[in-house]
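Please look it over first.

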Amino acid sequence: MSVEKPYDDTDSGAPLPSFDASSIKLTTVAPALGVPTQQQPDYLDYDTKGRGVVVTMFANTGVSYLLGIVAGGAYGLREGLLHTPSSRFKVKLNSVLNHCGRHGSRAGNIMGVASIMYSLYEGLADHYDIEQYMYTRPVVGEVPTSPVFAALMTGVTLKATAGPRVAALAGTIGLGAVGATYALYGVAGIPYGSRGYLFF
């Protein structure tokens, strides 16, 4: 059992420890405080290939999903107005909302998944530097071959469960989309991939 000391207003308590900071070197503790440590500039790391695979995948997927929802929703609006069972406003509104939700979500999901696959295949082609294995200069000139590979493989993968003929057709459609984009950009004088979205 402890015995309490009577209160003494002249006692200031235990002495405070010494806060002498003269022996601390700020250059070793926190160089971010602005204390110069070296005379040469501090360069930031720069990836010459641009954005990383994950950042590209998220950006492409977001834009693709949004475009799919808008396009599918517009198609659903048209279908809902054409196939409404009644001319009453509430029934027509319900029909439009049902069709917009069904078609918009389906198109958004398909485009989002296709965009994820495309981004991953393109990142895979860039990682393994597929351009050194594909000689395309006489056919298409100086164009990147990673988008060509990514579009082909995305089409094949998306329709792989429908059989080899359908998968080959889907891959050819993807290949044709990239080829058409390259041709249009070549005629217009726009650099390939300058839009930053998929192969555009």
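## Basis of the model

This is a predicted model, in which local features need pLDDT of at least 70 and side-chain atom pairs count only at pLDDT 80 or more, while totals for chains, interfaces and linings use all residues. Residues are numbered from 1 along each chain as its sequence is written, and side-chain values use heavy atoms, with hydrogens and water left out.

## The chain as a whole

The chain has six helices and zero strands, giving the pattern α-α-α-α-α-α along the sequence. Helices (H or I, at least four residues) and strands (E, at least two) are DSSP runs, numbered from the N terminus.

Of the 200 residues, 24% count as buried; buried means under 20% relative accessible area, exposed over 50%, and partly exposed in between (1.4 Å probe, protein chains only). The chain exposes about 14900 Å², with carbon and sulfur atoms supplying 64% of that area. Accessible areas come from the Shrake-Rupley method with a 1.4 Å probe, and for residues only the protein chains shown count as cover. Among contacts (heavy atoms within 4.5 Å) between residues at least 6 apart in sequence, 57% join residues at least 24 apart.

## Helix α5 and Ser146

Helix α5 covers residues 146–158 and has 13 residues. From first C-alpha to last it reaches 18 Å, close to the 18 Å expected at 1.5 Å a residue; the expected span is 1.5 Å times one less than the number of residues. Its buried residues are Ser146, Pro147, Ala150, Ala151, Thr154 and Gly155. Seen down the axis of α5, these fall within an arc of 155°, so they line one face of the helix; the arc is that of the directions from the helix axis to the C-beta atoms. They pack against α3 and α6 (164–188).

Ser146 has a relative accessible area of 3%, so it counts as buried. Not counting residues up to four places away in sequence, Ser146 touches Glu122, Ala125, Asp126, Ile130 and Glu131. Ser146 and Phe199 are 53 residues apart in sequence and 9.3 Å apart in space, C-alpha to C-alpha.

## A nonpolar patch on the surface

Val53, Val54, Phe58, Ile116 and Leu120 form a nonpolar patch on the surface, with about 450 Å² of accessible area together. Patch residues have over 30% relative accessible area and no salt bridge; like charges are joined within 9 Å, and nonpolar side chains (Val, Leu, Ile, Met, Phe, Trp, Tyr) within 5 Å. A salt bridge is a side-chain nitrogen of Lys or Arg within 4 Å of a carboxyl oxygen of Asp or Glu.

Helices α2 (53–82) and α3 (89–127) each supply at least two residues of the patch, and the largest share, three residues, comes from α2. Leu120 lies in α3 and is partly exposed, with a relative accessible area of 45%.
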